[in-house]
Structures are given as structure tokens and as C-alpha cells.
Amino acid sequence: MTTPALNVNNLRKTYGNGVEALKGISLTVEPGDFYALLGPNGAGKSTLIGILSSLVNSTSGDAEIFGVSIHKHRSEAMRLIGLVPQELNFNQFEKPFDICVNQAGFYGIGRAEASLRAEKYLKELRLWDKAHLQARTLSGGMKRRLMIARAMMNEPKLLILDEPTAGVDIEIRRSMWQFVSGINAAGTTVILTTHYLEEAEQLCRNIAIIDQGRIVQNTSMKSLLATLDVETFVLDVPSAPGVLPVLPGVVLRTLDDHTIEAEMSRSHDLNSLFAALSSHGVTVTSMRNKSNRLEELFVRLVEHGRENAA
Amino acid sequence: MSAATNLVALNTIVRREIARILRIWTQTLIPPAITMTLYFVIFGKLIGSRIGQMHGFTYMQYIVPGLVMMSIITNSYGNISSSFFGAKFGRFVEEMLVSPMSNWVILLGYVTGAVTRGVIVGALVLVIALFFTDLHVAHPIITFLSVVLGATVFSLAGFVNAVFAKKFDDIALVPTFVLTPLTYLGGVFYSVDLLGEPWHTISLANPILYMVNAFRFGVLGVSDVPIVTAFIVMLVFVVGLSFVALRLLSRGVGLRS
């Protein structure tokens, strides 16, 4: 049996102001996994990541990184982690090259080796031409990539990315995911939190959804998506549709003169929908999913969890 | 971490601190040199020439060790409090907190950086003083030890201040309301033997008095307090403040939520 990359056991955190951010979280991430940790703002994701990276003191419980307790053997456990935090946290007056070399130094990696690694990762993240400029002159996307390069300096076995693509344009986001997918393919376990759920759906193999300090879902991405039994389509029509047909198992709504929404079971065939619309003189020019599948499930799970808690 | 990796980590912090001191040299090195030059001109030359001798030395010679030590103390304190608080404020202290580095490495790294600035500024002020008066170091080893210990005491105090500080005002309060008054009343400009009671006894409770006099003994060979007592006081402060600083780091006060 392989040692999990991460094993969180009944982790709790109550802040000094009484806020209970984590209410006994337990989860396991297998080595080599690309794992999504999703949840609404304030759910406890950053607190969990803070505890794992020793920036937040837990109230009780423990976590092990590749079998090493973060409480009993902090130093050894930290050596295995790389963290890309949500907020920018480097000295804006230092140069990216120095930021990376210094970070390696904090892990006890000598300057010669650190310089080679800094060059390697700054080049891979397309920052080498900015390596010797002050970090404050970098764009937002470059600063985010710099934090990834910095997190790679100790070549961690577990890389934790806390909303790394927040506010980053699509092209840079794609290049970041290409890099992270590459290191995951090379064996690094990746834990990702993001609000771009299509990213999580495309990249991650397993997922935990956390809300109000509790895990509300922890499964594989495939099994989670398979539980989605209803889909909503947006249909574009050239003119005002008038009276819509009534079809069993389908809810049709007119959104405006050019748009209809159809909510239906995944097992329901689309042919009968189009036939009914056609018989009512409605021509469909194009169609798309209203939201991505994971987003729909995410909203449902969080809402369902809150209803149960109420 | 092994001794070798701790040494690399320590070296990294020290290099970063020295790079910071040199990067902002117009804030870290030049102002104390200008201020002390003014002290030498006004107190040493203009007023000092009318005061006469003190403990067998001209007034200028007498105040030089005090002013050098004052520069060392204030710059060591200022360096560590602004640098460490800046790291907290800019959140890049997290670079160190997420690393496997031990707390004592972080503390020693910042203290070494602050002592280095204190020594550089002290040396600059000493060189400037040589334009105004002749000086011969009476006890080089005592001079060196008093500089290192005095700078270490106030580096540690500055570190504790930075750990507790929540805003930049908090790191300015202690130098303004505690450090400056204690320095001025710590025998920089006068011998406490000139004071009557109860002021003489009250002055003996001022730790800066012992640092100034240890350094003055090292340079001139005269002191208002027994030299052994002065070193014991400094060592007690180093040990006590190190304990407090390491305890704060281990509990994560002001650093880990």
C-alpha cells in the first residue's frame, strides 16, 4: 500500500474571534493525483492550506505529507511541500531571480544549484527575460507565474496552488496549466483550489468540495459528474418564440426575444424537444450548455449542504 | 534540517539583509553619518571647547565613544524592526515560515543583518570622528565585544517590537518614546558621576549606560561602571531577549494565525 501524498485527519481550526473555520476535516490525496479542493469564499479552503503549509496553527487534528506529520516533524514535512498562495507574498523590490534563489536558500539549497533551478523554472514559466527586473514591474499574470516558479525551487513532491489563476487572462492561464499538468505528469502531486470550475473539471482527477468548514463531497471527478441528472441548455432563436410547447420532463422558459432555456433530464432525448419546438414554429439556430457541469453540481451540493445544516 | 542546510538558510537571510542595507544606503547609512557629523560639530567643537576635560579627555574625545555606540544601537534596532516588520507587512515573511528553516535560524539571520548595519554605521561614525579628534583604542577586544553585544541586545529588542507591531507607527513608538530618551540619559554626553542623588542611582537602571560605558572603556580606558557588570548586563539582556524572541516565533505570535 502506497503512502498517501496527503492524509488529513479530523483537522479543526477555531480562530481567536470564535469563528470555527474547520469543523473536523478528513481527506486523503493519493500520490500523483491532481486534486481539486473547491468551495465558496470563506468555506475554509485557505485555512486548510494555511495549516498544511504551517502558516496557520490548527486547533486539533493532524495532517501527514507523504506520511510525515506536519506537527511532529514540521521541518521534514515542509521540505515536501511547495505553496503558491492566493495573495502575492514576495518582496516587490527584489528581482525574480533573487526571489527564487533566496527561496531555495531557505530550504538549504546552495546558491549554485539554486541558480540553475531559478533559470530552469523562470524559463519554463516564460519569465527569464524579466529575471533581473524588480518584481514590482511585472504584470499581474507574471507575478502569479513567479510564485509558481518560486514554489518549484525545492522541487516539492506536493504542490498546493491556492487560486493561482485569479485575475489572469486566458492565454496566461492556459500556459500555467500546461506547466502544472507537465509537472503532475512527471510525478508531482497537485492540489488546486480555484473558482474557475471548468479548470478543475478539465484538470483534476479527484475532488473535495468544502463548505462551512466541512467536506460536503469527496470523490472522483468522473463519479461526481455522473451524478448530475439534469442539464440546462440555452437555445438561440431568431425571433420571439410565442407560446412554447409543453413536454413531459422538460421545463422550457423564454428568457428574451432571442433566447429559450430548456432544463431536462440527461436521459431525455433532444430529438423530441426539437420536434416539439419545430411544430410550434420555433427555429433553433444554435445551442449551448447554460453552465459547465461541475459548476451546476457545485452549486447544488453547497446549497443542499446548507439546507441540511439549517 | 542539518547543520549544513541551516548554514545555507542563515547565509541566505544575512545576504538578503545586507543587500537590503546596501540597496537603500541613502536611508540606512547616510542619515546617521550626517546626524553624527552635526553632533561632532555642535557638541564636540562649538560647545565642547568651552566645557574642558572629562575623565582626563577633551569633551570631543569623551563623547565620541558614546555617539558611536548611540549610532550602533539606534541603527541595529531600526534595521531589524523595519526589515522584519516590512517582511510581515509585505507578507514575504511567509517565504521563511513555509520553509523547513528553524526559528533560531530566522532570528539569528535577522540579528546578524542588524548587527552588520550597526557595525557599518559605527565604523562610518568613527571615521568621521577622526576628522575632529585623535583616538587610540585602549582595549580592542573589549571594544569589539561591546559593539557586538550592544548591537545584539538592540537587534533582539527591535525584533520583538517588529513581531508585535501591527502598523508602521508601532515600530516608531519605541525608538521615539523609549530608545531615544534612554540613549540621551545613558551617559552619551556626560559622566553619570556628575549627577547627584537620586539621579545617579536612577541612571544605573538604564541598560544603555552599561553599553556606552563598556565601549568607552574599550576606546578610552575609562568607565562610569565596572566593566564586568557592564558585560553581565548585556549578556543577561541577550539571553533574556533571545528567549522571548524564540518563544514568540515558536508560538507564531503576530505571524501565524
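Tutor: Two residues are in contact if their C-beta atoms, placed from the backbone, lie within 7 Å. This is a predicted model, in which local features need pLDDT of at least 70 and side-chain atom pairs count only at pLDDT 80 or more, while totals for chains, interfaces and linings use all residues. Residues are numbered from 1 along each chain as its sequence is written, with chains lettered from A and ligands numbered from 1 in the order in which they are written.

Student: How many residues of chain B are in contact with chain A?

Tutor: There are 23 in chain B, facing 24 residues of chain A. Helices (DSSP runs of H or I, at least four residues) and strands (E, at least two) are numbered from the N terminus. On the chain B side, α1(B) gives the most, with seven residues.

Student: At what angle do α3 and α4 of chain B pack?

Tutor: Angles run from 0 to 180 degrees between N-to-C directions, and axes are lines fitted to C-alpha atoms, for helices over the stretch in contact. Helix α3 (residues 30–51) of chain B and helix α4 (residues 59–89) of chain B pack at about 155 degrees, with axes 10 Å apart. The pair is therefore roughly antiparallel (over 145 degrees; under 35 is roughly parallel, 65 to 115 roughly perpendicular, the rest oblique). Among the contact residues are M36(B) and F43(B) of α3(B), and I63(B) and L67(B) of α4(B).

Student: Which strand pairs with β1 of chain A?

Tutor: Two strands pair if DSSP finds at least two bridges between them. Strand β1 (residues 6–14) pairs with β4 (residues 60–65) of chain A in the antiparallel sense, over five bridges. Within β4(A), S60(A) is opposite R12(A).
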